Amino acid sequence: MDAGELRTDFTRRRVYSCDAFLCQLQNNCFLVFVCTRFRKLTSVLNDSIDRIFKVKRSGSHSKMEDANSEQEENNVTMATTTDNVSEVIFLAPLFHSRSSTLQQQQRRCELAMSFAINSLGAGSICVLGFIGNALSFAILSRDKSTSPVAAFLLKSLSFADNLFLSVWFVHSSLNDAFVYFGLDRRFHVSYYYLRIYSYPLVFIGQTATIWLTVLIAASRYVAVCLPYKASVYCNLSITRRGVLAVLASSVLYNVPRFFETELATVTRKNVTRRQLQRSAMGQNGVYVLVYFDILYYIFSFVFPLLLLFWFNTRLTIAYRAVRKKRSKMRLSGGGGGGGRKDSHEQSITLVMIIVILVFMVCNAPARIVQIVLQYNRQECRTASFFVTRLSTLLEVLSSSANFLVYVAFRKQFREALCAHLLTTCCSRRRQRRRRLRDIADKGQTADDSLTKEGGKETLEPIRQTVV
């Protein structure tokens with residue numbers, strides 16, 4: 001291949017590469033017209049290239065001169081033809097570089113915001129909420145003023161909240177931190193399987209938390225508004241069955257989520273990597289529409305929140321009626337009425353009303369935001385981006401705030417908490433004193449043995465001199 005043919009091949013490759021690049025961007029509406037026009041200009045340009053660099057090996061010197069003159073004439077033609085194309089040729093790589101830099105900036109911003117919101121903000125709330133729920137479980141186990149049914153329901157809710165918080169912390173907070181610092185590529189394949197199985201566990205904990213709150217509201221509604229049926233439906237055995245049914249239903253309902261994600265091997269630029277991707281079932285349109293959207297929002301948002309709103313409204317009306325009745329009895333000189341047991345029951349009712357209200361206030365906006373902005377493209381540092389991230393933060397806060405509700409609205413819980421902390425601190429001090437005493441006693445016995453042995457050794461030479 002001579003110089004003319006090499007030059008022709010190089011020019012064609014350049015034109016074809018520009019054409020292929022622009023045609024890959026045809027998904028953008030404003031480039032469709034540019035691509036069609038550029039294809040026509042490319043065909044004209046290729047014809048001119050064939051005429052310009054046409055070399056006949058068997059031709060004479062005169063023919064070469066004629067070809068050179070023809071080349072000079074066609075150079076003018078090509079220059080006039082490509083005047084309108086030159087902007088497109090050099091604009092395409094410029095547009096590509098700008099788009100790639102914008103995508104990189106967008107990716108960095110998303111990583112930084114996810115690390116700040118999910119890892120630092122929500123992660124701190126998860127740790128504090130886990131400690132608070134563990135303390136709530138311990139205090140409710142020792143609190144004798146709370147009825148066994150109410151204590152068991154609140155302990156079950158604390159357990160479900162801790163399950164949700166711990167799995168969410170591993171799945172989101174730690175993962176976003178690892179991705180932000182670039183540590184996710186160095187982990188073993190077992191980390192990806194941990195991600196696969198922690199994903200459905202998050203939904204299991206979330207479903208259990210939602211429906212245990214509904215069970216608490218229903219149980220308290222029967223105990224307050226239907227007291228003649230409380231002995232039948234609000235005993236401890238029925239409550240335990242209800243909690244087990246909620247936990248089993250939460251697991252069974254979320255079993256398909258174990259098959260939504262799979263581990264795939266991807267090779268790019270001669271580099272093989274493992275990454276998580278949606279499985280065939282997870283990408284099925286019918287599955288996504290029916291299970292992931294319709295059923296999820298019905299059983300995790302609409303139906304439970306309607307039940308909670310109705311139960312909580314009736315409980316609030318009944319609680320206020322009892323408060324008015326007791327205040328009237330006090331004004332008339334008839335005493336507080338009901339005694340200490342009644343006051344404890346009213347305190348538990350108030351606590352459960354606040355727990356349900358906090359759950360509704362935190363979860364209702366989060367679900368609405370997810371429905372509205374789920375399939376919208378969210379650019380970093382926009383209102384929709386921050387609203388979506390903060391809605392997830394509200395869900396975490398909902399499972400972490402119950403300890404604060406117990407401390408703020410229940411006197412008996414505060415007293416039991418102080419007693420528990422005092423006994424824990426006192427027991428630790430006693431154990432420390434015992435250890436110090438044991439160490440001191442051991443040291444004293446060692447000193448006594450040494451002094452006795454030393455006294456015997458010093459007396460022996462004295463006896464020998466006396467003798």
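Me: A disulfide here is a pair of cysteine sulfur atoms within 2.5 Å. How many disulfides does a search of the whole structure find?
Reply: This is a predicted model, in which local features need pLDDT of at least 70 and side-chain atom pairs count only at pLDDT 80 or more, while totals for chains, interfaces and linings use all residues. Residues are numbered from 1 along each chain as its sequence is written, and side-chain values use heavy atoms, without hydrogens and water. The number of disulfides found by searching the whole structure is one.

Me: Which residue is joined to C109 by a disulfide?
Reply: The S to S distance in this link is 1.7 Å. The angle about the S-S bond is -65°, which makes the link of C109 and C380 left-handed. C109 lies in helix α4, and its partner, 271 residues apart, is in the loop between α10 and α11 (383-398); helices are DSSP runs of H or I with at least four residues, numbered from the N terminus. The partner is C380.

Me: Is C380 buried or exposed?
Reply: Buried means under 20% relative accessible area, exposed over 50%, and partly exposed in between, with a 1.4 Å probe and protein chains only. The relative accessibility of C380 is 9%, so C380 counts as buried.

Me: Which residues touch the most other members of the largest nonpolar core?
Reply: A nonpolar core is a set of buried Ala, Val, Leu, Ile, Met, Phe, Trp, Tyr and Cys residues joined through side-chain atoms within 4.5 Å. The largest has 41 residues, and α4 (83-142) and α13 (411-466) are among the elements giving two or more residues to this core. The residues touching the most other members are L308 and Y406.
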